[in-house]
Every structure is written in C-alpha cells, then in structure tokens.
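Here is a short tour of one protein chain. Keep the structure open and follow along, heading by heading.

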Amino acid sequence: MSQRSYFRDDPDPNNDRLERETFANRVIRALGEVRRQSKSSVAGLIAPWGAGKSTVLEIIVKGLEGHDTDSWIVVDLNPWLYSDAESLQLGFFVSLREALPRGRKWSKKRERVGNFFTAISPMGKVNGLVGVDASSALESLGERIAGDVSANALRKKAEDVLGEIDQPILFVMDDLDRLTPDELLMVFKLVRLVGRLPNVYYLLAYDEKTLLDLIQQTSVASGNRARARDYMEKIIQVRFDVPDLRPTQKADLINSAMNELLATYSIELDREDQEAFSSTYRHCLRNYLTTPRAINRYFAQVDALYEKLNKEVRFIDFSLITFVRTFEPDVYKNLTGAWRDELLGESLELIFGAKKESAAEKEMRWHALLSDSHVSKANIPGLYKLLLSLFPHLHADGGSYPARQRAGKNGVGNRDYFDRYFAFGVPDDDTSDVSLQRMIESIDESTDETSLSTVRAKLLSDTKRTCRKLLNFLPGKPNASAALLPVIAEVYAAADYEFFSVDGSSLLLAESVATLAITETPASRITEVVNSVNTSSHGAIMLASVLSRIEESETHTISAFRENTARILEQRVASLLTQSLDAVSTHDFRHVYHWRVTAGKEVTDPQLKQALLDRQWSALDFAARNVTVATSGNSESLADLQFEVLEEIIGLEYFFDALEGQLDADGPAPHRHHYEDTIENRRIMALGQLRQRRERERQGSSD
C-alpha cells in the first residue's frame with residue numbers, strides 16, 4: 001500500500017490544498033463584524049458530508065483563540081456525544097458556565113449564571129453527560145433556588161453577568177447532521193430560546209440537505225420541505241457556505257492520488273487506459289467524486305485491495321470496478337450475479353434469441369436495470385457508459401476494436417480474468433499470470449523441467465484459459481515454444497470437439513497455440529520437436545491440421561515443419577498398409593487424409609492406388625473408411641462418402657467394378673446422421689451411397 005493517508009477522516013488544517021484557510025479567515029473576519037453588530041447571533045457553516053467542514057472549523061477555532069486583539073472564548077460542544085436530549089441540555093449549560101472567567105471576582109457572578117441554569121435544567125438526568133462527573137456537575141450548578149424567584153429574573157441576572165465579560169463566547173457545534181430529529185430540535189431550542197444570552201454566539205456546522213430531511217420528520221415541518229427551510233432560516237442568521245471543489249481542485253486531488261498509486265505499484269498506463277479513465281471520469285466519476293472525503297474514500301479502496309492483484313489485472317479496470325463497488329453497491333452485486341452472462345457475452349438467450357436488440361433498445365433496457373439497482377436518474381447514462389467501456393459485449397456490435405483489445409488482454413470483460421476483480425486476488429482454480437510468465441521464461445532459458453511439468457498440468461486441467469494466456473506469453477520465446485509443442489499435442493489429444501461453446505473450443509485453442517509455437521520454434525530444433533510431437537497419438541494430425549491453416553508465405557521454418565510432418569505421416573500410413581482396414585480405427589485412418597494434404601497428392605496417391613491394386617486394402621473397406629463423421633455436440637454419426645477422394649486416387653469405376661455384385665444386390669438405403677461409427681455401419685453407408693451414385697450416372701448416360 002502507499003504511504004498516503006487515504007483512510008484519514010480527521011481534520012487536516014496543515015494540509016490546506018483547497019484554500020480552506022483563506023475561506024476560514026474570511027469567516028473569522030465576518031464573525032468579528034457579527035460581534036460588533038449584535039449581542040448574540042447564530043451562524044451556520046454549511047457543506048455536504050466530506051467537504052471539509054471539520055477542517056475549516058479547526059482553522060477557524062485556532063484563528064479565533066489566537067487572535068491578537070480580538071480573541072474569543074471557544075466552547076466545542078458536540079451534541080452527538082450525549083445520549084439523550086436532557087443530557088445534551090445539561091452538557092450545554094455546564095459548558096457555558098465553565099467558559100466564564102474564574103477567580104474571586106467572578107465566583108458570585110458564576111453562581112448567578114449557575115442559578116439560572118439550575119432553574120431551567122432537569123435534575124438528576126446527567127447519566128449521558130460524556131466526560132462530566134454527574135455529582136460534581138450538579139453541585140457546581142448551585143443549589144435549587146426558592147420557588148418565589150422566577151426564571152426570567154434569574155435570566156436577567158445571568159445576562160448582566162455575561163454582558164460584563166471581555167471576550168465573546170463562541171459555541172461551535174459540529175455533526176448536527178448525525179442527530180435524531182428530536183435531538184436536533186433540542187439543540188435549536190437551546191440556541192434559540194435559552195442560549196441567546198449576551199456575548200454568546202453560535203457556529204453550527206452541518207450538511208443542509210440532511211438537516212432539512214431531519215426537520216421534515218418533526219412536527220415543526222410535518223413533511224413539508226418549504227416549512228423545514230423556513231424554520232432553519234429562523235434559527236440561522238448568517239450562512240457560511242464552504243465552497244464546492246472547483247473542477248481544477250477535483251482534478252488536482254484525483255491526479256495526485258492516481259499518480260501516487262501508479263508510482264507505488266510501478267504502473268505505466270498506456271494511451272488507451274489513460275483515455276478510458278479520462279472518458280469515464282467526464283461521463284460518470286465526476287458526479288460522485290465531489291468532496292475530498294469521497295475522493296479519499298475511493299482511492300483508499302483501490303489502494304487497500306489492489307496490492308494482491310498487481311500485474312494480474314488491468315489497473316484502470318480494477319479502479320473502475322472499485323468505483324462501482326464503493327458508490328453503487330447494488331450494481332456491483334449484479335455484476336457477478338444476474339448480469340454476469342450478458343457482460344461476458346455468454347448469455348445464450350441473447351446469442352440465440354429470435355429478436356436481436358438494436359443499440360437503442362439495449363440502452364433502454366440497461367437504463368431500466370440500473371434504475372432497479374437504485375442508481376439515481378441523473379447518474380444512469382454515465383454509469384451505463386462506464387459499463388460499456390469495461391464490457392465490450394454490452395455493445396450491440398460487440399464494441400470497438402480498441403475496446404475488445406483492452407478486454408481481451410486481462411480486462412474485467414475477459415472471462416479468464418473476470419473473477420479476479422471480485423475475489424481481490426487470483427482464485428485457487430486460476431493461475432497467476434506473473435508466475436505463469438515466469439515459468440515460460442524459465443523454460444525458455446533452461447528448459448526447466450519443473451516449470452514445464454507445472455505448465456503441462458495446468459494445460460490439461462484448465463485448457464481453455466491456459467491456452468489463451470500462452471497466446472500472450474509465448475511470442476518471442478523460441479525454446480519455450482519448442483518445449484511446449486509436444487505438450488500441446490497431449491492437450492490436443494484430450495480436447496473435445498465442441499460444435500458451439502461460449503467459452504471457445506479447447507481443440508481450436510490448442511491449434512492456435514500450436515500455430516504460434518510452430519512459428520516460434522528455432523529451425524535447428526524442428527526435427528527433434530516433430531519427433532517428440534509424434535509420440536502423442538494425435539501429434540501428427542495436429543501438426544498437419546495446423547500447417548494446412550497457415551496461409552502466409554512459405555518460410556523456411558514452415559517448409560521444414562511440412563517436410564518433417566509429411567515424413568511422420570508417411571511412417572504412420574506405411575504401418576496401416578500391412579493391416580486390414582476393418583481393424584484400423586477411424587482416428588488412425590485420418591492420418592491418410594492428412595498425409596495427402598501435407599505431402600501432396602502427387603506423392604501420396606500413387607502409393608494408395610497401388611495398395612488397392614495389390615489388394616493390400618479391400619475396395620469396400622477403403623470406401624467405408626472414407627465416409628465422413630459429423631459431430632453435433634458430444635455425439636458423432638456417419639455422414640457422406642468422399643467421392644472426390646475415391647475419384648482422385650483410383651477412380652469411381654474401380655469401386656463400381658470391384659463391388660458390382662454387392663451394388664447389384666438389394667441393401668438398406670443410407671441414412672445420413674443416423675448410424676454410429678462402426679466398420680459395419682461404414683460399409684452400409686459406403687455401399688448405399690455408391691449404389692445411388694452409380695444409378696445417377698447410368699441415368700445420366702442414358703439421357
């Protein structure tokens with residue numbers, strides 16, 4: 001964490017970055033003028049919560065007490081410290097009496113003031129008087145006077161005494177906005193009806209909106225806002241409104257806090273991140289970060305919880321998510337709850353919904369969702385823009401390319417990183433980017449077997465997420481790419497083919513990593529790597545599949561990989577030539593297809609043709625093995641015979657002649673996507689489709 005005191009909420013007059021001292025001095029001069037023009041008055045120091053009232057008060061108090069020629073006696077009375085209204089009343093009287101001068105000259109005069117207070121004070125109700133001994137307090141108030149002396153007469157004597165003091169007394173009352181409605185009315189009664197004595201002044205500090213809310217709850221206003229305001233105006237003669245933060249002051253506080261955090265965590269923001277935060281600030285954050293307390297509270301939250309995530313997430317995204325958590329907690333809860341799937345583009349209802357939303361329709365729907373999460377109407381548009389900046393999938397068109405790029409790295413809009421932002425650390429089922437990157441570097445530098453084993457285990461247990469991370473970490477790591485390519489072949493063998501997945505296909509992701517590793521592998525290690533990959537049951541097929549998709553110009557590395565992949569495929573096909581095809585698995589026969597693609601038909605087809613002519617492979621089983629398999633979800637079924645393969649290798653007439661008797665006989669009609677993958681079902685599909693093809697060709701020739 002940084003050394004900045006973000007969590008401090010005490011007055012801080014020694015750190016006056018907001019010109020509070022200038023304002024406080026103006027208040028001090030104004031109070032001097034008030035004193036000259038009136039015997040007693042009530043002033044209000046008004047500002048929202050967190051705007052710095054307490055700091056201003058402390059500066060004012062020090063200035064009044066230390067004034068060379070016109071000093072004041074300041075009584076700090078916090079009504080919030082008292083347990084009930086009666087204790088507050090006693091505390092008020094005791095504080096005022098204790099402010100009077102001491103000495104023999106004033107002993108009798110203090111007693112007169114005490115007698116007045118005793119006459120109008122509740123007896124025995126001092127248990128809630130914080131910091132004052134109950135018994136001594138009562139004794140100091142004087143004995144209860146005889147009933148034939150009226151309170152008005154005692155008040156007059158008290159006024160005479162107070163009129164003689166040289167220094168005015170200023171009651172400073174803070175935290176009025178924390179009182180209950182009844183307690184607040186008691187304070188006003190003391191100030192207005194009882195406390196308006198000569199040379200006694202009041203400076204009440206409060207948040208006006210909160211006070212008006214409290215007064216509305218009392219019989220004074222009976223829910224009427226205008227009446228509550230009228231009542232306040234009767235109490236407060238002079239208003240001192242603490243100036244709101246100017247835009248430049250807010251920007252200075254925010255920039256200062258942000259720069260300190262960036263320095264603390266050694267973060268360098270790129271241009272996109274700077275623009276993202278600036279844009280979000282203009283549209284949203286500035287409506288919330290209106291006071292020093294709000295700004296400190298926000299950055300305190302970022303500072304307190306980011307340390308465990310340093311280098312593991314995008315700092316700006318974490319800062320904005322923290323903003324939502326701090327100021328809109330109901331919205332924050334929905335991010336990981338009801339809204340999660342849509343934010344990450346995983347909502348099947350929206351993906352496969354019959355009706356696609358326009359941008360305007362989506363915006364209207366999300367404005368309603370934010371309203372239901374108790375976001376104020378004025379803040380809804382800005383908060384929606386904030387969510388759009390973090391979650392590109394919220395855009396009707398998927399968001400701009402820069403936005404998708406930001407989210408695609410380690411932003412909160414990336415499903416691989418989303419949970420980190422809300423767990424305040426790397427979850428147990430995830431792998432730290434820092435540690436994974438360190439392992440890749442270790443493998444690249446010295447083929448560290450321990451690191452290689454750890455990465456292998458992570459690839460097999462968390463294939464999709466780990467593959468996506470390797471796409472970011474492998475570039476520029478030739479030796480690590482060479483070491484990991486055989487591991488990717490293992491992953492490829494275990495990966496499921498998924499017709500559709502919102503989380504991506506593990507098979508295609510493995511191929512993507514293999515593509516990158518192929519382009520990164522040093523030329524001097526290609527033969528070694530290909531041989532190692534070939535030890536996996538799916539290694540040769542993976543290499544062939546990947547090489548068939550590399551469309552850029554042929555490089556020396558790609559050519560070397562093709563030659564070596566063709567070599568191991570030929571070795572595998574050669575082993576099949578000595579076997580009956582009814583004993584060859586669908587997987588093993590796939591090597592024939594990939595050999596043709598990788599080595600070239602001019603190399604492979606003469607050898608395959610000879611195998612048929614020499615009766616190494618039967619015509620029926622060769623045709624049967626060339627029936628394709630269709631995949632739907634996790635199920636597979638037989639589909640179409642590849643007539644073009646049969647035609648290219650030896651010609652369809654060869655199969656019509658070799659299988660004439662079986663084709664002339666009646667047989668079941670082929671039902672595509674109906675049969676399971678067995679050699680018997682393959683023969684049925686091959687004969688049925690060959691029979692249909694022969695009939696079509698005969699009809700065509702007769703026409």
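## The pocket lining

This model is predicted. Start with the largest pocket. Which helix gives the largest share of the lining? Helix 29 does, with 9 residues.

The volume of this pocket is about 1,100 Å³. By type, the lining holds 15 nonpolar, 13 polar and 9 charged residues.

Now look at helix 27 and helix 29. They pack at an angle of about 35°. Their axes are 10 Å apart. The crossing of helix 27 past helix 29 is left-handed. From helix 27, the contact uses Ala540, Ile541, Ala544, Ser545 and Ser548. From helix 29, it uses His587, Arg590, His591, His594, Val597 and Thr598. These contact residues divide into 4 nonpolar, 6 polar and 1 charged.

Beyond its neighbours within four places in sequence, Ala599 is in contact with Ala566 and Thr604.

## The whole chain

The chain has 703 residues, and 50% of them are buried. Next, take contacts between residues at least 6 apart in sequence. Of these, 74% join residues at least 24 apart.

Val331 sits in helix 14 (residues 329-336). Is Val331 buried or exposed? Its relative accessibility is 0%, so Val331 counts as buried. Leave aside neighbours within four places in sequence. Val331 is then in contact with Val324, Trp339, Leu370, Ser373, Val375 and Leu383.

Leu369 is 38 residues away in sequence, with 8.9 Å between the C-alpha atoms. Ser371 is 40 residues away, with a C-alpha separation of 9.5 Å. Ser371 is part of helix 17 (residues 359-372). At 39% relative accessibility, Ser371 is partly exposed.

Gln249 belongs to helix 10 (residues 247-264). Why does Gln249 count as buried? Its relative accessible area is 7%, and buried means under 20%. Apart from neighbours within four places in sequence, Gln249 is in contact with Leu18, Glu19 and Asp244.

Glu19 lies in the segment before helix 1 (20-37). With a relative accessible area of 43%, Glu19 is partly exposed. Its phi is near 60°. That value is positive, although Glu19 is not a glycine. Most residues other than glycine have a negative phi.

## Two loop residues

Where is Arg615 found? It is in the loop between helix 30 (601-613) and helix 31. Arg615 also has a positive phi, about 60°, and it is not a glycine. Its relative accessible area is 61%, so Arg615 is exposed.

Thr678 is in the loop between helix 34 (660-664) and helix 35 (679-702). Its relative accessible area of 29% makes Thr678 partly exposed. How many residues apart in sequence are Thr678 and Leu638? They are 40 residues apart, and their C-alpha atoms are 9.0 Å apart in space.

Technical notes:
Residues numbered from 1 in each chain as written. Predicted model: local features only at pLDDT ≥ 70, side-chain atom pairs only at ≥ 80, totals over all residues. Heavy atoms only, no water. 1 Å grid on protein atoms, 1.4 Å probe; cavity = no way out; pocket = protein on both sides within 12 Å on 5 of 7 lines; lining within 4 Å. Points joined across faces, edges and corners; volume = space filled by probe spheres on them. Helix = DSSP H or I, 4+ residues; strand = E, 2+ residues; numbered from the N terminus. Nonpolar A, V, L, I, M, F, W, Y, C, P; charged D, E, K, R; others polar. Axes fitted to C-alpha atoms, helices over the stretch in contact; angles between N-to-C directions. Left-handed = near helix turned anticlockwise from the far one by under 90°. Contact = heavy atoms within 4.5 Å. Buried < 20%, exposed > 50% of the residue type's maximum accessible area, 1.4 Å probe, protein only.
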